[in-house]
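Me: I've just opened a new structure and I'd like to learn how to read it. Could you walk me through it, feature by feature?

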Amino acid sequence: MYKKDDAGALAFREAWVDAGGTEETDEPAEIFFVVNHGAVGHLSTSKEVTVETLEEAEAMLVAFAEQCAEDGYAVLAREDQTLVVAQFALKNDRVSDRDKHLAFRVKESLTSHLAWRGSGVLEKMEFTAAGHGLGKLNVYIVAPDPARAVANIKVCIREEKLDFTKLTVATGPIEDPSALRAKHSPTGTTIFSL
């Protein structure tokens, strides 16, 4: 859920129930109610509370949603957000094991990085041909604040050493991918194509 503060900055709040790990044991799994919040684009703050039952945790989720609505937070509709595409230039239009490994690492890194900053949700990834025997990896992200998402993507890719020099990031309307314009590219151009 999102809300603009008095200065126009976007803030977010989210909550979930963590019902324990994946290990099979005879002991019941611990149940946690987790609240995560902060300014969009900045590392958020989380707090978790141990609860006795799933019913108690679900009641806390309902109370959380009610409190957020009372405080002016709301779920952003898809059409009220922006499409952000992180694109990596590839050496070949045939997908190699190296390209698959890059896609796996990008998905893992960006999903976590963006989520903990309220900057966006990775929606899908695809490999496409780029002409002249070259390829592209396109990573589609739905973001509430495109400028923050672009900045967070650049930081994440640079920190994770994931071919930053091959990265182009574009933004545009959710419903019109043909209107995407580059906000970061190795050449400095605003021209962008999927």
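Me: Let's begin with one residue. Is Thr-82 buried or exposed?

Reply: Keep in mind that this is a predicted model. The general idea is to compare a residue's relative accessible area with a cut-off, and buried means under 20%. Thr-82 has 17% relative accessibility, so Thr-82 counts as buried.

Me: Where does Thr-82 lie, and what is it in contact with?

Reply: Thr-82 is part of strand β5. Once you set aside neighbours within four places in sequence, its contacts are Ile-141, Val-142, Ala-143, Pro-146, Thr-171, Gly-172 and Ile-174. Across in β8, the residue opposite Thr-82 is Pro-173.

Me: How do I read strands that sit side by side like that?

Reply: Strands of a sheet pair through backbone hydrogen bonds, and they can do so parallel or antiparallel. Here β5 and β8 run antiparallel and are joined by 7 bridges. They belong to an open sheet of 5 strands, in the order β6-β7-β5-β8-β9, with antiparallel pairing.

Me: Which strands stand at the edges of this sheet?

Reply: Those are β6 (121-131) and β9 (181-184). Each has a single partner strand, so one side of each has no neighbour in the sheet. On average, neighbouring strands are turned by 30° against each other, ignoring direction.

Me: What should I look for inside the fold?

Reply: In soluble globular proteins, nonpolar side chains tend to be buried together. In this model the largest nonpolar core has 22 residues, and Val-84, Leu-110, Val-139 and Ile-153 have the most contacts inside it. At least two core residues come from each of β5 (82-90), α2 (97-115), β7 (134-143), α3 (146-159) and β8 (167-173). Apart from it lies another core, of 9 residues, including Val-85, Ala-170, Leu-180 and Ala-182.

Me: Beyond its neighbours within four places in sequence, which residues is Val-139 in contact with?

Reply: Val-139 is in contact with Val-84, Val-85, Ala-86, Val-106, Leu-110, Leu-122, Lys-124 and Met-125.

Me: How many aromatic pairs are there, and how do I read them?

Reply: Look at the distance between ring centres and the angle between ring planes. The count here comes to 2 aromatic pairs. For Tyr-2 and Phe-12, the centres are 6.4 Å apart and the planes at 40°, so this pair is tilted. Tyr-2 is in strand β1 and Phe-12 in strand β2, 10 residues apart. Both Tyr-2 and Phe-12 are buried. The pair of Trp-16 and Trp-116 is edge-to-face, at 6.0 Å centre to centre and 65° between the planes.

Notes. Residues numbered from 1 in each chain as written. Predicted model: local features only at pLDDT ≥ 70, side-chain atom pairs only at ≥ 80, totals over all residues. Heavy atoms only, no water. Core = buried A, V, L, I, M, F, W, Y, C linked by side-chain atoms within 4.5 Å. Buried < 20%, exposed > 50% of the residue type's maximum accessible area, 1.4 Å probe, protein only. Helix = DSSP H or I, 4+ residues; strand = E, 2+ residues; numbered from the N terminus. Contact = heavy atoms within 4.5 Å. Pairing = 2+ DSSP bridges. Axes fitted to C-alpha atoms, helices over the stretch in contact; angles between N-to-C directions. Phe/Tyr/Trp six-rings, centres within 6.5 Å; stacked < 30°, edge-to-face > 60°.
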